[in-house]
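I opened this notebook to look up how charged side chains pair in the structure. The entries follow in the order in which I checked them.

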Amino acid sequence: MLRRQFIRMSGVLLASAWLAGCASPQYLQLSPERNADVPQTGSGQQVTVIAQDGRDSDIIGNRAGGNMSTAQITVSSHELIPRLQEEAERAVRDMGFNPTTEPANGRPSLTLELANLNYARGESGQPLVDEARLEGVFRAIAKNKGTTYTGTYTSRRTQGYALKPDADSNARMLSDLLSDGMNRAFSDPELGRLLAR
């Protein structure tokens, strides 16, 4: 009798812990990295480089698929934008330019904007398998001598899972997604051409 009650109570506690874990919020620290080759167009010219966040909110979605605030996934602008700034400066340096954060009249500039980052729950159509649908959108704006070039670069990823991804898994997936977006942006030859004019 006691053993049966113990097993029942253990089952209830395990189920409660599992449900609580599924509904807990995640605060993710991302570390995207540009690893694609970039066009060599510069010859040491200074370029003002700015990374900025164009999102409406740090909350990018939630793991439950509804509006449960306890399942929200948050990526802080204060933590992510400095990382994007570093990567943008490194890319511009690898293009052959001399990056600076100081604006100046007549100096070419490049702005890397995170326009969107979204985490949504999808329907896989398979029993016992759910999926996460991720989307990241970068906008790159190059300006030089009165001319502006704007490129938009979208990366998407769908990841199936039987157990909801933990914070580390989600951080890796989103970091990879943003890395792909930066690779697309800085591989665009038009950005380097305009900055080198």
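**Entries on salt bridges**

I began with Glu135, which counts as partly exposed at 21% relative accessibility. I note that the model is predicted.

I then looked for the partner of Glu135 and found a salt bridge with Arg156, the closest N and O atoms being 2.8 Å apart. This pair links distant parts of the chain, 21 residues apart: Glu135 lies in strand E7 (residues 130-144) and Arg156 in strand E8 (residues 147-161). Arg156 is exposed, its relative accessible area being 64%.

Next I turned to helix H4 (residues 189-196), where Glu190 and Arg193 are 3 residues apart and so separated by about one helical turn. Their side chains meet in a salt bridge at 2.4 Å, N to O. I recorded Glu190 as partly exposed, with a relative accessible area of 34%; Arg193 is also partly exposed, at 48% relative accessibility.

I went on to the network that salt bridges with shared partners form: Arg34, Arg83, Glu86, Glu87, Arg90 and Asp94 are joined in it.

Within that network, I examined the salt bridge of Asp94 with Arg90, in which the closest N and O atoms are 4.0 Å apart. Both residues belong to helix H2 (residues 77-94), and because they are 4 residues apart there, about one helical turn separates them. Asp94 is partly exposed, with a relative accessible area of 31%, and Arg90 is partly exposed as well, with 26%.

Lastly I took the total, which comes to 14 salt bridges.

Definitions and conventions
Residues are numbered from 1 along each chain as its sequence is written. This is a predicted model: local features need pLDDT of at least 70, side-chain atom pairs count only at pLDDT 80 or more; totals for chains, interfaces and linings use all residues. Side-chain values use heavy atoms; hydrogens and water are left out. Helices (H or I, at least four residues) and strands (E, at least two) are DSSP runs, numbered from the N terminus. Buried means under 20% relative accessible area, exposed over 50%, partly exposed in between (1.4 Å probe, protein chains only).
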